[in-house]
Each structure stands twice: as C-alpha cells, then as structure tokens.
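Hello,

Here is the structure I said I would pass on.

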Amino acid sequence: MLQTFDEPTASVAHVAAGHPAAPGLRGPRMEPVSSGPAAVRLFNGRFDPVTLDGCVDTVFNDMARGRRGWLCTVNVAILMMMREDTKLQSFVDRAGWTVADGQPLIWAARWFRRALPERVTGVDLVYRLCERAEQQGQGVYLLGATSTTVRRLAERLQARYPQLTLSFADGYFSNDEAEQRADAVALSGASILLVGMGVPRQEHFIESQFDRLGVQLAVGVGGSFDVLAGLRSRAPQWMQNAGLEWLFRLVQEPRRLFKRYLLTNSKFVGLLLRALVLPRHRDC
C-alpha cells in the first residue's frame, strides 16, 4: 500500500504493511560504547571488530536495551576526510557503532595485528537492517537522493520485505527546512533512519537534528540509495574482495570522484607506509 502526504516544502511518502511501528525513544545521545567486542584503533578511526551479522545483532541488542545513537560506515576516503574535518571526526568518534567499509582498512588492521573480521558495507547494512526491522515490527525511514530514486528504492525494499513499515522523503531540502524533515521522521514512528545524502552533509543533518528525529538508530549510507534503487551498478565481488570497488565507482562517476579518490587514496598510502616503518603512527 502506497500513501503520499504533501508537505509545505516537499513530498513525503509512506509505504506501510501492517500497523505503524511504535514511536522511537527520545533521549540523550548514546555514548560510544556498545555491547559488542572492544573497538580496534586504526589511525584516526575506531572500529568495531564485527561481521555484518555481528553488527546487526549488536545494534538490535543495544536498541532492545533502550540505547540509541548513530552508526558510521567508514571507508578510506571518509577516514582521510575526518583528518581534515574536525566536525566529521568528532561525529564519528561519538558514534554508538562504527564499522570498516573498505577492504584496505581490513588489510591494514591485519598487518598491524589488529584484526577486523570483514568489511561491512552500507549497501549490505541497509538490507540486513530492513530484514531485522521487519522481523521485529520496527519502522524504517529512508531520507535522501531524489524523490524518484528514493521512491523506487522504497518500492524495491517493500517488495523484498512486504511486512516492513517504510517511510521516505528525498534529500533535497535547505538548512532552514531541516527541522521540518526531522519532525516528519519523528511523526512517522520509525525506529531506524537511513540517510543517503553524501558525506559530510548526512552526518551534519543527523547530529544537528538527532534530538528531534525520535529514532533509536540513524545511519548515513552515502550513495548507497542509487545502488539499491538500481540506478548504479555495484562492483563485481572479485573487485570488492580485491579492494577495487573505489575504482569501479570512479569509472561510473569520474568527474565527481576523481579528485576525492586521488587525494584520499594518496594520503592513506602515505600513512600506511609511515606506520609500517614507525609503529607509533598506527594510532594517529
């Protein structure tokens, strides 16, 4: 069933199966401690050493205990951006959960004997979080991309998880409209918010509006909406395993990603070489 509600500044839609989810719990920001294993430090990042299944289990166990916060998926580009953006670094440092979304990070951790079991991607997380939310009767809100893209994604997820309560809105709004979007999320009764507006805009929105959102979990998933909606292809598994998904994305979006990847990948390689020679630099 698809219902559309017209807001003063944007079209906000709601896809529902069954009864609406219970409203998310409001409360203080969650401290960066979860019920999962102790975090692994790698350069300026702190990562939870979990598999995809372990991440979802930990998050839902914490939510069942009344905890709330945001989850960060950090790849090489984001890790390097954090070094230049103190607000982004602070946001990730205060996350309830942080996972490594980059095969080079997994390799580096192993080289430094700080093993991270596997890469946990935003695309895979969206599927698993929606699957578990359907099982537990919790609502999910999608915020980001164009109205056409997010609607297409919602329809795809609804077909895959027919009992999931889904709400969605596009990510094209001004800073002055941010509070209104946050209030719409709260009114939906969703427990989980997935934001696909790119780094660092999605992080700034989550942080500035967190107390208004009413959700227990907020996750920034960057450009995952385009992939999940079928507008962009995902790299073949062999490229993912080889740590080359960034190259696959670069071929698809060279103008937008060339400068970012050139700078961030170069910085990461430099840090990695320095840390291999001087172990004290593995934590900074």
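This is a predicted model: local features need pLDDT of at least 70, side-chain atom pairs count only at pLDDT 80 or more; totals for chains, interfaces and linings use all residues.

Helix α1 (residues 52-64) packs against helix α5 (residues 122-136) at an angle of about 45°, and their axes are 10 Å apart. The two helices are therefore oblique to each other, and their crossing is right-handed. On the α1 side the contact includes Leu52, Val56 and Phe60, and on the α5 side it includes Leu125, Arg128 and Leu129. By type, the residues of this contact are seven nonpolar, one polar and five charged.

Now the salt bridges, of which the structure holds 15. Three of them are described here.

Arg94 and Glu207 meet through their side chains at 2.3 Å, N to O. Arg94 sits in the loop between α3 and β6 and Glu207 in helix α8, so this pair ties together parts that are 113 residues apart in sequence. Arg94 is partly exposed, at 29% relative accessibility.

Glu245 and Arg119 form a salt bridge at 2.4 Å, N to O. Glu245 belongs to helix α11 and Arg119 to the loop between α4 and α5, so the parts tied together are 126 residues apart in sequence. Both residues are buried. Glu245 and Arg119 are also linked with Asp101, Asp124 and Arg234 in a network of salt bridges.

Asp183 and Arg212 meet at 2.8 Å, N to O. Asp183 lies in helix α7 and Arg212 in helix α8, so the pair joins parts that are 29 residues apart in sequence. Asp183 is partly exposed at 29%, and Arg212 is partly exposed at 30%.

Regards

Terms used:
Residues are numbered from 1 along each chain as its sequence is written. Side-chain values use heavy atoms; hydrogens and water are left out. Axes are lines fitted to C-alpha atoms, for helices over the stretch in contact, and angles run from 0 to 180 degrees between N-to-C directions. Helices (H or I, at least four residues) and strands (E, at least two) are DSSP runs, numbered from the N terminus. Angles under 35 degrees count as roughly parallel, over 145 as roughly antiparallel, 65 to 115 as roughly perpendicular and the rest as oblique. A crossing is left-handed if the near helix is turned anticlockwise from the far one by less than a right angle, and right-handed if clockwise. Contact means heavy atoms within 4.5 Å. Ala, Val, Leu, Ile, Met, Phe, Trp, Tyr, Cys and Pro count as nonpolar, Asp, Glu, Lys and Arg as charged, and the others, Gly among them, as polar. A salt bridge is a side-chain nitrogen of Lys or Arg within 4 Å of a carboxyl oxygen of Asp or Glu. Buried means under 20% relative accessible area, exposed over 50%, partly exposed in between (1.4 Å probe, protein chains only).
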